[in-house]
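These are my notebook entries on a single protein chain. I set down what I looked up, entry by entry.

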Amino acid sequence: MYHQPVLKNRRTLLERAEKFISEIYFTDCNLRGRLYGDACPLESISSSLSRQRIPFLEAVKQNFEPYQVGDTFGPTWWTCWFKVSLRIPDSWRGKQVHLSWESDGEAMVWRDEQPVQGLTKEGEKTSYILTECLKDDEPHSISLYVELACNSLFGAGQGSMIAAPDPDRKYSVQKAELVVFKSDVRELLTDLEMLVDMVKLLGEGEQRGYQALFTANEMVNLCEPTNPSSFPAARSLAQKFFSQRNGESQHTVHAMGHCHIDSAWLWPYEETIRKCARSWVTVIRLMEKNPHMVFTCSQAQQFDWVKSWYPGLFTQIQHFVKKGQFIPVGGTWVEMDGNLPSGESMVRQFLEGQRFFKKEFGNYCKEFWLPDTFGYSAQLPQLMQGSGITRFLTQKLSWNLVNTFPHNTFFWEGLDGSQVLTHFPPGNSYEMKGKVEDLVNTVKNNKDKGRANHSAALFGFGDGGGGPTQLMLDRLDRVQDTDGLPRVQMSSPDRLFSELEADSSLLCTWTGELFLELHNGTYTTQAQIKLGNRRCETLLHDVEVASSLALCLNKTFQYPSEPLQVLWRQLLLNQFHDVIPGTCIEMVVEDAMRYYQDIRTVGTRLLRVSCQALGSEGTMTQTGDSDSTATSVAVLNTLPWERTEVLPLTGGAPDHQQPCLALVTVPSVGVVSVRDATATKPVSLVSVKVQADGTILMENGILRAVVNKDGCLASLYLVETNREAISHGCSGNQFVLFDDVPLYWDAWDVMDYHLQTRKPVVEVVSPVQIASPGGLRGSVTFTLRISDKSTITQEIILDAMCPYVKFNTQVEWFESHKFLKVEFPVRVRSPNATYEIQFGHLQRPTHRNTSWDWARFEVWGHKWADLSEHGFGVSLLNDSKYGYSVHQNTMTLSLLRAPKSPDANADMGSHQFTYAVMPHTGTFQEASVIQWAYNLNNPLRLIDNAPGSHTVAWSAFSVSAAAVILETVKQAEDRKDGLVVRLYESHGSSVSVYLTTGFPITEAWHCDLLERVDPSRPAPITASGISISFSPFQIVSLLLYLK
């Protein structure tokens, strides 16, 4: 009697099983080669090419020409529409029939005028199911349309994924036919694939891996690929193996479908709209087939796009949201950058996002969802808490280049002490595939073993969209509770976090920012986007303040809430985490710059209208604008403190005379006539003189600066205390150039080794000369040559009664892989420097003691950074920059980069920006550095031709302590008779203040960032004003009811 030999050779048995399911080897006789049965050509296929992305009803009216499979079309970013006629053979009765479609681009199948399925080779979606089981009464003749975008899942990079797009690439359809799909073969293939992966990943030391090996080998023995009747016996072996259960202590993986879609990156905004539709309609098809499937989806902007462009699909999404399968997460308008947007911008991300989700889906999001952003501000926990969110999910810190972040599940404590439960999926990915490897890594990488026994696994193709597949679901279904692997359950974010909350007593706490040790070039790349963002944030602030004042003074004034929402949403969109960081293709930069221009155009008009309502008949101009005239008779200050500044009252006259300057004093959040404002006399005028050695001395009674011929500061002296700010033997305002060649991520990364390539910019084109000899303002100008292609022209300005020296800078920049910075070596010794962030500031080391310190060789900050020792310090202020470095006593501001991918022309051209240096006595808080940085960014506004009704000095709001800043004044979202004011404590102190207002207020209530009133917390209105108490860095929002 024959006895089958018993084999123990692991390698041969493993490779045998691999070859049995291989797509490459032995497909003539293995199981994989039987996945598809008969094939049948399409009856006809014709095509129509469009330069624009056009709607379906317009596309079907185009002229369609016959198309042969393999013919090319294009170029990149065009769209090819295909009209497909097919007939399923009657002989295929009872079989599953697919349209098999393989092409270079991203496709959408349309049927009965509705989108029904996304197709893309890269997303492993190459077939559309026409019928699960062909019946006689089903239609056999079908007409479809296929909309094919001439770009791949990741754009069209020339030579590499992140290279600039190839504008001339051609595309083709390689396969378009009807096929019979054998689902029993697919089931068996999935069984074997999971077993083979367990063998490989559990390794030779685990007996469970050997059990998987021998199970797979026996299945191969039993299975005859040409004989489907042999499949059930093989499958029963797999089912027996997979049903062997875990012990009770096993880790639980919460699997959630996911499809990260960058709102713009290697493709323009408009293509993202189609990516959303292709991905989400595919998810809907999967949910119809798999009622247990759960899918998480963020970014209100993307839902809003789909609602506008694909209303039928949006209705289906709403249906599955109600069923609890399609789960909106995140609570923000887009997945924004976590570093660069201002505090108020971040508030509006949550306000716009949460209100949209509540309106469209009936619920606010409970989780903040930001898996792919390049660092996370220390104020985010407070912003989450204020927006009704107590949970946070990301994974980006797994990308750290130097240090491994020590936790996966922990409490994150923000700047003010707010805490949120935070989870980093230990698989270190937001686009898993449901494979054994994903599950094994989730357990192996968990840094909180013994403290947290639940983890998320987000599965689905992402970045360029795509999302989950049926195969991913099938993989996970097999191993829900299989010995040797963690437990797997299809789950929701709420279920995951509820489990983590229920057993959180042993979790650690991380305090302060979550700094990503990578991608720190993003603080500087695409300077025009950074400038556009800062200017538009300032403009919208001023529009809201002026409109709020107009609303209070003039009951007939219509607050521009709808146009403001449009402008805010444009600004928030540009804060997406590949746009404001500058890591996108040139087409996206052009889109972003158009949005900024729209915001400036409409915002300036809204500001003019609100200023007219404040009592003017003419126009309002920003200080220094060329269209302001001598008839301007009032000045608007939108900041919450009195300001005394030098103000240009006229624009450039025809003969380019210097504008008429005045020293004005303007009340807090108020308006004053120029006549009254100019009553202030300067304590000391500015003088600018050439000295015997050719240097130039600039003085204003507060500062004394000596400027060398090359524009460097030889000396910067604080007169009051006889303190020199510039380090001995060094020069301030020293421009330096570095080689800037990262390892791969060009627009993203600046590497530590760039610091070893420092070259001072020393070639003088035009030596320093006096441009304005003094009075209220003195200035000097000079020009330096960076290279034969690039130059710097700078005007150094000193104003009367101003505590800083200002540097108005123009750079003609045509470099390649260079990094321009400016250095100020100062006479200050401190182990830490301070940087402004959203609604506050934090300290970072100036030394490199540890790897954590060294990894922060380039950091981000907002309007100012400060280096202080006891009694004295120096601050750097700026109007549009975010990259800083303070090492030992050298303060450095990052100015311009020159990466070549994904935008080959990034930052090339002309740049204008301003920075300032401010030595001070005492702390930066005592020296009002925070206020002076606001002043630099928020210029006083001139109101022209005011008739005089409101030009007597008046102040709408003021705060009794300098520590508290009134950041925002706006109309309430849901009450036309209400104002929302937002204040924050900026010094890091506990303080009680009074907010005084010139308007009649009937009630004042504390509210959250979504403007929901807390009925238990009225704000007391006293004779001194509205009484408010603050803890360090606390943000307080009040709803004020107007009489």
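**Entry 1: Annotated domain**

I began with the UniProt record, an unreviewed entry, which lists residues 517-596 as "domain: Glycoside hydrolase family 38 central". I then examined that span in the model, which is a predicted one. Over residues 517-596 I found the chain to be 65% helix and 0% strand.

**Entry 2: Confidence**

The protein chain has an average pLDDT of 95, and 97% of the residues score at least 70. I noted a stretch at residues 616-621 where the pLDDT is below 50; in the model this stretch has 30 contacts beyond near neighbours in sequence. Residues 651-657 also have a pLDDT below 50, and for this stretch I recorded four contacts beyond near neighbours in sequence. Where pLDDT is low, predicted coordinates should not be read in detail.

**Entry 3: Helix H3 and its partners**

I recorded angle and axis distance, since these two values describe a pair of packed helices. How do H1 and H3 pack? Helix H1 (residues 10-20) packs on helix H3 (residues 183-202) at an angle of about 150°, and their axes are 10 Å apart. An angle over 145 degrees counts as roughly antiparallel, so H1 is roughly antiparallel to H3. I noted the crossing of H1 and H3 as left-handed. On the H1 side the contact is made by Arg10, Leu14, Ala17, Glu18 and Phe20, and on the H3 side by Leu192, Val196, Val199 and Lys200. I sorted the residues of this H1 and H3 contact by class: six are nonpolar, none is polar and three are charged.

H3 also meets helix H11 (residues 436-444); the axes of H3 and H11 come within 9 Å and cross at roughly 40°. H3 and H11 are therefore oblique to each other. From H3, the contact uses Met194, Asp197, Met198 and Leu201; from H11, it uses Val436, Glu437 and Val440. I counted five nonpolar, no polar and two charged residues in the contact of H3 with H11.

**Entry 4: Helices H6 and H7**

I then turned to helix H6 (residues 269-289) and helix H7 (residues 300-309), whose axes come within 9 Å and cross at roughly 85°. That makes H6 roughly perpendicular to H7. H6 contributes Tyr269, Glu270, Thr272, Ile273, Cys276, Ala277 and Trp280 to the contact, and H7 contributes Gln302, Phe303, Trp305, Val306 and Trp309. By class, I recorded nine nonpolar, two polar and one charged residues in the contact of H6 with H7.

**Entry 5: Backbone exceptions**

Most peptide bonds are trans, and most residues other than glycine have a negative phi. I looked for exceptions.

- The peptide bond from Gly74 to Pro75 is cis, with omega near 5°. Pro75 is placed in the loop between strand S4 (72-73) and strand S5 (79-87).
- Ser901 and Pro902 are joined by a cis peptide bond, with omega about 5°. I located Pro902 in the loop between strand S45 (890-897) and strand S46 (909-921).
- Glu1011, a residue other than glycine, has a positive phi near 70°. I found Glu1011 in the loop between strand S53 (1001-1007) and strand S54 (1013-1018).

Definitions and conventions:
Residues numbered from 1 in each chain as written. Predicted model: local features only at pLDDT ≥ 70, side-chain atom pairs only at ≥ 80, totals over all residues. Heavy atoms only, no water. Axes fitted to C-alpha atoms, helices over the stretch in contact; angles between N-to-C directions. Helix = DSSP H or I, 4+ residues; strand = E, 2+ residues; numbered from the N terminus. Parallel < 35°, antiparallel > 145°, perpendicular 65-115°, else oblique. Left-handed = near helix turned anticlockwise from the far one by under 90°. Contact = heavy atoms within 4.5 Å. Nonpolar A, V, L, I, M, F, W, Y, C, P; charged D, E, K, R; others polar. pLDDT = per-residue confidence, 0-100. UniProt positions renumbered as here; feature names shortened; annotations may be inferred.
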